Amino acid sequence: MQVVSGGRSLWIYTLIFTSLQLWGRLSASTSSPTLPAPTLNIYLRSNDSVTLICKVPEGHHGFLFMLYKIRENVDSQELQSGTDEVKFTFRVPEGDSGELFCCLYRDQGGRYSAFSPYLRLEQQRETAPTRSIPSFPSPVLSMVPSTGVVKRGDMLTFSCSVPDLSSQTQSQSGYNNKPDTFLLLKYAEHTGTTSIIAQPQASQVSSPEPQPGVFTVGPVRGEEEGEYTCIYQITKKRRLVNSTVSNMIQVTVTDLLPLPTLVLQQQTDVWHLLCTGSPAYPGAVFYLYLADNEHPIATHQAKVIHHQATFPVPVQETLLVFYKCQYSVLLGKKSELSHSLAVSRGISPPSSLDSSGVDWPLVLGSFSAVVLFLLSVLLVVLVALRKAKAAAEKEKKRQDGQFWAVNAKDHIVDPPLRCSSFTSEEWANGDTETASRSPLWNSLSTFTSPIH
């Protein structure tokens, strides 16, 4: 009877597996052949959670990985660059320890693989690594720089070292080998998640033989901030066993981008929110946030030569709303959030008068008009004076011409004196006076002739 029941269960699982494979083939691209199926195994196991690793066959790379529980898609990971394996971590309730899981992947060309063979969690419970074994001492984790305070762009080097267990090796049967693997664990407080950083293989790094327990993280972009611990795994009685966790190191990322400013301004009778970043980072991407929301409500890409962005004021449902802004540059480097800006609903445009009640634009415009009018009047007066002076000079020349024309008609001609002959005696006796008074000369006559 048990044989029949076992055969029936096997037949049911075979039927489900076959239907899933057919379903995967139908969802895949019909123009390309189906990719080979990946493998699904347990990577880490604890009392209430498990990490499964889905690995593609050699020579293939996956860009999308999906994990199924029977026929239900429970998790998926989409990557920008292809990889040969991904890890899925999830909680396992006490009653779900016997559930079946499988995975598939999709390549860059959009082709889907067949489903992996089913994995039953309870079948792997005995061979899965345990969470911790008290008999193995904790490793020691150190970091360079030792202060734990790093700047963006720095490289972090973690070293997970194993204490000297030579004395314990002789007393513990089955522990005759060095640690097989080292794992670096990171806990991010802002997300509440723990991620596992595995040591890269020799083929994935530049050096042919990476040092055991050494991890290189970076260049730092900001998300590396958090708490770090490490564990090591050994093989004991053909089982992979975890050590206890090491000491904790806190990593703090500083050297954030300069704080942006957020102000309210008016442009062409419309109110806008202006977010200004650092002039050293033009062309940044700007984000507008509500003060109590971690997701942006608006995004704007600034021009290459600009370091600020303008956002229209969103429609507000409440009387008063607080806004913040942020900007990011290459490699996801983000600034801190700006100070909160309170914006009230129904903003009225500001008056054109300043606090003194003087409309300076109007005053300056009126003054310019008066100056222009005075200059115009002065120009007219100068032109009139020049014309009057020219007319006076012309009239004077005309009068002078008439005067000289009249004098030319009544002019006086002085005839030349006629020479007379005088004897020396007459000249000596002074008869020259008599001669000068001769009736032959009439001083009152203009034209005279001698009288005979």
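Predicted model: local features only at pLDDT ≥ 70, side-chain atom pairs only at ≥ 80, totals over all residues.
## The disulfides

How many disulfides are there? The count comes to 3. Counting bonded cysteines along the chain, they follow the pattern 1-2, 3-4, 5-6. The table lists each link with its sulfur distance and the torsion about its S-S bond.

| Disulfide | S to S distance | Torsion about S-S |
|---|---|---|
| Cys-54 to Cys-103 | 2.1 Å | 80 degrees |
| Cys-160 to Cys-230 | 2.1 Å | about 75 degrees |
| Cys-275 to Cys-325 | 2.1 Å | 75 degrees |

Start with Cys-54 and Cys-103. Their link is right-handed. It ties together distant parts of the chain, 49 residues apart. Cys-54 sits in strand E2 (residues 49-55), and Cys-103 sits in strand E6 (residues 100-106). Is Cys-54 buried or exposed? Cys-54 has 0% relative accessibility, so it counts as buried. Cys-103 also counts as buried, because its relative accessibility is 0%.

Next come Cys-160 and Cys-230. The torsion about their S-S bond is about 75 degrees, so this disulfide is right-handed. Here, too, distant parts of the chain are linked, 70 residues apart. Cys-160 belongs to strand E10 (residues 156-161), while Cys-230 belongs to strand E14 (residues 226-236). Both cysteines are buried.

Then there are Cys-275 and Cys-325. Their link is right-handed. Cys-275 lies in strand E18, and Cys-325 lies in strand E22 (residues 320-328). The two are 50 residues apart, in distant parts of the chain. Both are buried.

What about Cys-102? Cys-102 is in no disulfide. The nearest cysteine sulfur belongs to Cys-103, and it is 7.1 Å away. A disulfide needs two cysteine sulfur atoms within 2.5 Å, so a pair must meet that cut-off to count. Cys-102 has 0% relative accessibility and therefore counts as buried.

Take one example: Leu-264 has Leu-273 in E18 as its bridge partner.

Terms used: Residues numbered from 1 in each chain as written. Heavy atoms only, no water. Pairing = 2+ DSSP bridges. Helix = DSSP H or I, 4+ residues; strand = E, 2+ residues; numbered from the N terminus. Buried < 20%, exposed > 50% of the residue type's maximum accessible area, 1.4 Å probe, protein only.
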